[in-house]
Amino acid sequence: MRRIIDLAGQNSAKAQGLGAVITDFQKVRGNSDHTLYILAKVHSQQKVEILGILKVGAKNLFIQSATGAWKEMKPLCVLDFYVHESCQEIQLIKLDELVWREYDRPSPKLMGFLAKHYGLKNYVPQSNNFVVFQQYWEHAAAQTSGNRSNAGAPRA
C-alpha cells in the first residue's frame, strides 16, 4: 500500500507541476483528519495502475466572501486531486457534492477540470491560497434556507 500511495502522490505532483509531493504514505498515515481515495486498476500483484486520487480533509479557514465579509469555517476541503492522463475524458467518480468544497492551492489543471466539467470559474482570491467558488456560497445559502444539515456551511 505504501508503494501505491507514494506513486499516486508522485504522479499528482508531476501532473500539477508541483515542486514537492504533497501526498505520500507518511503524510496520509500521520494525519487522521485526511482521507485518501484511490482509484486503481490491478493487473497483478506486481502491476498496479493508478487511475486517480482524491485527498480530502477538514481545515480551519478564514475566508472572505464576494461581499467582503470574513467567515470562519471548518469545511471539508479538496487537498489533492489527480486523474491519470488516459482517463481524463472518462467520468471515473461522481464529484457532485465535492465540487461545492474548498480547494487548497488548486493547480491550473484542476482549475481547468472544474471549469470544464462543473462550470466552476468565479471565486474570490484568498490570502491563504484556498479557492472557494461563488457556487459554494449559493449552495450553502440554499441548504441553510432549506433547514437541511450543512456541516460545511460558513459560520458567522
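This is a predicted model: local features need pLDDT of at least 70, side-chain atom pairs count only at pLDDT 80 or more; totals for chains, interfaces and linings use all residues.

Modeller: Residues are numbered from 1 along each chain as its sequence is written, and side-chain values use heavy atoms, with hydrogens and water left out.

Biologist: What makes the pair Arg105 and Asp104 a salt bridge?

Modeller: A salt bridge requires a side-chain nitrogen of Lys or Arg within 4 Å of a carboxyl oxygen of Asp or Glu. The closest N and O atoms of Arg105 and Asp104 are 3.1 Å apart, so the pair qualifies. The structure holds 1 salt bridge. Side chains of opposite charge can pair when their charged atoms come close.

Biologist: Why is Arg105 called exposed, and why is Asp104 called buried?

Modeller: Buried means under 20% relative accessible area, exposed means over 50%, and partly exposed lies in between (1.4 Å probe, protein chains only). Arg105 has a relative accessible area of 52% and is therefore exposed. Asp104 has 18% relative accessibility and therefore counts as buried.

Biologist: How do you know that Ser12 is buried, and which residues does Ser12 touch?

Modeller: The relative accessible area of Ser12 is 0%, so the residue is buried. Ser12 lies in helix 1 (residues 2-16); helices (H or I, at least four residues) and strands (E, at least two) are DSSP runs, numbered from the N terminus. Leaving aside residues up to four places away in sequence, Ser12 touches Ile53, Asp80, Phe81 and Tyr82, where contact means heavy atoms within 4.5 Å.

Biologist: What puts the buried residues of helix 3 on the same side?

Modeller: In helix 3 (residues 108-118), the buried residues are Leu110, Met111, Phe113 and Leu114. They cover an arc of only 160 degrees around the axis, and therefore lie on the same side of helix 3; the arc is that of the directions from the helix axis to the C-beta atoms. An α-helix has 3.6 residues a turn, so residues three or four places apart point the same way. The buried residues of helix 3 pack against strand 5 (76-83), strand 6 (102-104) and strand 7 (130-131). Exposed residues Pro108, Lys109 and Lys116 are carried on the face turned away from the buried side of helix 3.

Biologist: How many helices and strands are there in the protein chain?

Modeller: The protein chain has 4 helices and 7 strands, in the sequence pattern α-α-β-β-β-β-β-β-α-β-α.
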